[in-house]
Amino acid sequence: FRRTGVSAECQVADESYVPRVVLKPDAAKKRIAAALEKNALFKGLDKEQINTVIDAVEEEKHKAGDVIIKQGESGLYFYLLEAGACEVWLSMHNARNPQMVKIYGPGDSFGELALLYDAPRAATIKASTDCILWTMDRSTFRTILMASTRKKRNLYEDYLQNVPLLKTLDKYERSAIADVLEPEYFVAGKEIITEGTPGDKFYFLEEGTAEARTRGAVVMKYGKGDYFGELALLNDEPRSATVLAVTDCKVVSINSDSFKRLLGKLEDILQRKKTEYAAATASTS
Ligand code: 1OR
């Protein structure tokens with residue numbers, strides 16, 4: 001997608017922002033809060049910002065088949081899907097044979113690109129069932145979400161681009177991963193993962209070196225751009241090795257729901273890696 005030449009820092013929110021308030025009953029506010037909680041873009045917001053969002057959004061209902069966003073048009077709203085499913089359709093070079101590339105479900109959001117980068121809509125979004133959506137106007141989006149979203153996507157763009165596992169994903173799929181990454185720090189000698197415990201996270205190593213051990217023997221060494229922690233999530237089993245920070249480490253993790261949603265199509269590559277582990281374990285025993 002297109003970038004404007006303006007850096008994230010100087011692209012501050014509308015100075016003159018007057019919070020928008022669309023009156024709604026408490027029950028609706030609760031529903032919005034529940035939908036926001038499922039969405040990674042709202043994770044870092046404080047209570048006050050969440051309340052601003054809850055006040056500002058407006059309910060929009062669509063029937064199955066309705067076109068919500070049209071590729072190529074200019075964009076005024078960001079959408080949060082509360083209930084139902086929406087399809088993403090993409091026309092590459094000519095508009096004649098659009099392809100369906102993705103389906104959104106409850107808690108997902110879309111329509112941020114046009115607002116983030118002042119670009120035309122990058123895809124068409126169509127309701128595949130009856131849907132309930134909450135729409136956020138452009139100035140609320142720019143005031144509350146723009147800086148944090150751009151910052152995170154920019155911060156991880158280069159890093160994720162150089163992670164071999166993610167090579168086959170496109171740029172937009174990598175930015176969806178950037179949205180959900182949670183940084184964590186481990187000092188040298190600490191266990192990042194403990195063999196035999198239940199696993200709910202997948203990790204990329206961003207800085208430092210780490211190693212995997214089973215029954216005390218080192219079976220893998222990890223450096224920048226490597227990943228670990230996928231087996232427990234893929235196979236619903238306890239951690240099969242301990243991963244230890246050899247130097248001070250910064251890792252970024254993804255929870256198991258996001259892992260399945262965003263990395264599901266890499267399952268083949270991830271499963272193939274298992275053979276490597278088997279070989280490494282055999283050579284140490
Ligand atoms: P928007 O404001 O451009 C259309 O309006 C929305 O579709 C867009 O924001 C995204 O929120 C969403 N590439 C670009 N936009 C996408 C994509 C996508 N998927 C969903 N949207 N790709 C599909 C990735 C599976 C990349 C295709 C090369």
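The shell around the ligand in this predicted model divides into 11 nonpolar, 2 polar and 5 charged residues. In total, 18 residues surround the ligand, and the closest are Phe110, Leu113, Ala114, Ala122 and Tyr172. If you are looking at the structure as you read, those five names are a handy place to start.

Which elements supply at least two residues each of that shell? They are the strands β4 (86–90) and β5 (99–104), together with the helices α3 (112–117) and α6 (171–180). The largest share, 3 residues, comes from α3. Domain 1 (26–144) and domain 2 (150–284) both give residues to the shell, so the ligand lies between them.

Besides supplying at least two residues of the shell around the ligand, α6 has buried residues: Arg174, Ser175, Ile177, Asp179 and Val180. What do these buried residues pack against? Their partners are α5 (146–161), β16 (249–255) and α8 (256–263).

Now to the strands. Strand β8 (residues 131–137) is joined to β1 (residues 58–62) by 5 bridges, and β8 also pairs with β3 (residues 77–83) over 6 bridges. The table sets out these two pairings, with the residue counts left aside.

| Strand pair | Sense | Bridges |
|---|---|---|
| β1 (residues 58–62) and β8 (residues 131–137) | antiparallel | 5 bridges |
| β3 (residues 77–83) and β8 | antiparallel | 6 bridges |

Glu59 stands opposite Trp134 in β8, while Ala83 stands opposite Ile132 in β8.

Next, the annotation. UniProt, in an unreviewed entry, places the feature "domain: Cyclic nucleotide-binding" at residues 41–162 and 165–280. For the span 165–280, the end C-alpha atoms lie 19 Å apart, and the span is 33% helix and 34% strand.

Is Leu231 buried or exposed? Leu231 is buried, because 20 other C-beta atoms lie within 10 Å of its own, and 20 or more is what a buried residue needs. Leu231 and Gln271 are 40 residues apart along the chain, and their C-alpha atoms are separated by 8.2 Å.

Notes
Residues are numbered from 1 along each chain as its sequence is written. This is a predicted model: local features need pLDDT of at least 70, side-chain atom pairs count only at pLDDT 80 or more; totals for chains, interfaces and linings use all residues. UniProt positions are given in the numbering used here, feature names are shortened, and annotations may be inferred rather than shown by experiment. Helices (H or I, at least four residues) and strands (E, at least two) are DSSP runs, numbered from the N terminus. A residue is buried if 20 or more other C-beta atoms lie within 10 Å of its own, exposed if 12 or fewer, and partly exposed in between; C-beta atoms are placed from the backbone. A residue is near a molecule or strand if its C-beta atom, placed from the backbone, lies within 6 Å of it. Ala, Val, Leu, Ile, Met, Phe, Trp, Tyr, Cys and Pro count as nonpolar, Asp, Glu, Lys and Arg as charged, and the others, Gly among them, as polar. Domain bounds come from an automatic or database domain assignment. Two residues are in contact if their C-beta atoms, placed from the backbone, lie within 7 Å. Two strands pair if DSSP finds at least two bridges between them.
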